[in-house]
Amino acid sequence: MVWKDENGIEHQPIYASENTANNDLIRAIQAAQKKSTHWGNVQLYDGSDENAVEKVTEGLKNGIDFAFVKNTTNFKPFIQARPKGKKIYFFLNEIDTSLLPKRFLVDPIKDLLKHKPGAEKNLAALKSLFQERLNDLKPDHFLMVDGSLYKEAGATIVQELAFTLSHAVEYFDKMTNEGFTADAIARSFIFKMGYGNSYFSEIAKGRAFHYLVDQLYLQYKTKHRIVIWGEASNYYQAHKDAHTNLLRLSSQTMSAVLGNCNLVSLPAFDALEKASSLGMRMSRNIPLILKEESSFEHVRDASNGSFYIENLSAELATKAWELFRKVEKKGGLLAYFESGKLKEKLDRSHFNRLGKYNSKERTFLGVNKFENPNAKELQVNQRHAGGIAARVLSKEMNA
């Protein structure tokens, strides 16, 4: 009745008050959670798609709060068509301070880890970008710390938490060396986390991460509003019988919401191939159903007081902080990556998980259990990523 998960945590059959009573760590985790019940509904778009401006405008008119647009340098048509009160952020492939939209997102370290062309140049350009933003009286969150990268490469929850913290430390160290204050850096961060299929553990992950970022900021003697964007991960989507992904996407989104993310997004259920209009509409509507029909936005930190989730949050936070410190002792994330240790860790956890699914020790609905032999198979658009590869678990199970 006691089972151990891939994070090395033993789950008990019953949890009671003595599992959480007089626990300073649990009290600190509770105190670290966001104070608002609200979360923003986000949808991602490819600016190079046909009719991209119309798609973004339609989404903003029909339930999303923020549109995040990649693969475009022509910002003006999107901004001009934007409905009043809605916001559009643009992912910048190249940092050029002479051509900046009002709202944008960059993550040069993620680009480095993926061996993306121009990543070194963008990392060097962060200094001029910070100087530009410091002149703005109301600087926006623009510096991404994309922890979902590790999720999609196969990370366990503990690894995802630890590597995301180390990712942030790389920015702290680089920019403080350039003469900027920790305050200026912290107020620029937006953290992104991927959400998978382990429902309760993923809820606990979000709560643990709020606490861990608080602890990280404490080391730099700064404290700023933490913005966490939670996204249902493509790693756990099925490449055939794609409608079963609606079940996974719903539970993953619930984990992100109950894990107290500030922003929430999910891909279309058929996004592994090419998102259909129905898929995009459903990815807008699932968070809206949680908000408006399931009343998820009416309660702050709904997991507070759950003996199981509180205990799980504390264990994840402890193990993640231990791994984070080990990575830092090895020279930090980039040194860990260059040594090959990062890929080695991610590969080991991925292939260990893959073996459990292939042996049916773990269930993947529609893929290794209740498979529909007549279901359509998506032609997966594989995203080779150099140093750290994005993976589709279900595709590898059928390789």
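Begin at the second largest pocket, which has a volume of about 410 Å³. The model on display is a predicted one.

**The second largest pocket**

Select Trp3, Asp5, Glu6, Ser198 and Arg362; of the 24 residues in the lining, these are the closest to the centre of the second largest pocket. Next, colour strand S1 (3-4), helix H9 (199-219) and helix H14 (341-358), the elements that each give two or more residues to this lining. Which element gives the most to the lining? That element is H9, with 4 residues.

**Helix H14**

H14 has 18 residues, and the distance from its first C-alpha to its last is 26 Å, close to the 26 Å expected at 1.5 Å a residue.

Now show the side chains of Leu342, Leu346, Asp347, Ser349, His350, Arg353, Leu354 and Tyr357, the buried residues of H14. What covers these buried residues of H14? Bring back H4, helix H6 (148-152), helix H7 (157-177), helix H13 (333-338) and helix H15 (393-397), which are among the elements that cover them. Then step just past the end of H14 to Lys360, where phi is positive, at about 65 degrees.

**Two loop residues with positive phi**

Two further stops concern the backbone. Select Asn71, in the loop between strand S4 (66-70) and helix H3 (76-81). Phi of Asn71 is near 60 degrees, a positive value in a residue that is not glycine. Asn71 is partly exposed, because its relative accessibility is 34%.

Move on to His115, in the loop that joins helix H4 (108-113) to helix H5 (119-134). His115 is not a glycine, yet its phi is positive, at about 55 degrees. Is His115 buried or exposed? His115 is exposed, because its relative accessible area is 53% and the cut-off for exposed is over 50%.

**Salt bridges**

The whole structure holds 27 salt bridges.

Start with Arg27 and Asp24, whose closest N and O atoms are 2.4 Å apart in a salt bridge. Why are these two residues separated by about one helical turn? Arg27 and Asp24 are separated by about one helical turn because they are 3 residues apart in helix H1 (residues 24-32). In general, an α-helix has 3.6 residues a turn, so residues three or four places apart point the same way. A surface view shows Arg27 as partly exposed, with a relative accessible area of 43%, and Asp24 as exposed, at 55%.

Next, select Lys127 and Glu178, whose side chains meet in a salt bridge at 3.7 Å, N to O. Lys127 lies in helix H5 and Glu178 in the loop between H7 and helix H8 (182-186), so this pair ties together parts that are 51 residues apart in sequence. Lys127 is partly exposed, with a relative accessible area of 33%, and Glu178 is also partly exposed, at 30% relative accessibility.

Then select Glu231 and Lys192, which form a salt bridge with the closest N and O atoms 2.8 Å apart. Because Glu231 lies in strand S9 (residues 228-232) and Lys192 in strand S8 (residues 189-195), the pair ties together parts 39 residues apart in sequence. Are these two residues buried or exposed? Glu231 is buried, with a relative accessible area of 12%, and Lys192 is buried, with a relative accessible area of 6%. Buried means under 20% relative accessible area.

For the last stop of this group, select Lys151, Glu160, Glu202 and Lys205 together. These residues are linked in a network of salt bridges.

Finish with Arg281, which is found in helix H11 (residues 277-292). Arg281 is partly exposed, with a relative accessible area of 42%. How far apart are Arg281 and Ala28 in space? Arg281 and Ala28 are 39 Å apart in space, C-alpha to C-alpha, and 253 residues apart in sequence.

Notes
Residues are numbered from 1 along each chain as its sequence is written. This is a predicted model: local features need pLDDT of at least 70, side-chain atom pairs count only at pLDDT 80 or more; totals for chains, interfaces and linings use all residues. Side-chain values use heavy atoms; hydrogens and water are left out. Buried means under 20% relative accessible area, exposed over 50%, partly exposed in between (1.4 Å probe, protein chains only). On a 1 Å grid over the protein atoms alone, a cavity is a set of points where a 1.4 Å probe fits but cannot get out, and a pocket is an open set with protein on both sides within 12 Å along at least five of seven lines; lining residues have an atom within 4 Å of a point. Grid points are joined across faces, edges and corners, and a volume is the space filled by probe spheres set on the points. The expected span of a helix is 1.5 Å times one less than its number of residues. Contact means heavy atoms within 4.5 Å. A salt bridge is a side-chain nitrogen of Lys or Arg within 4 Å of a carboxyl oxygen of Asp or Glu.
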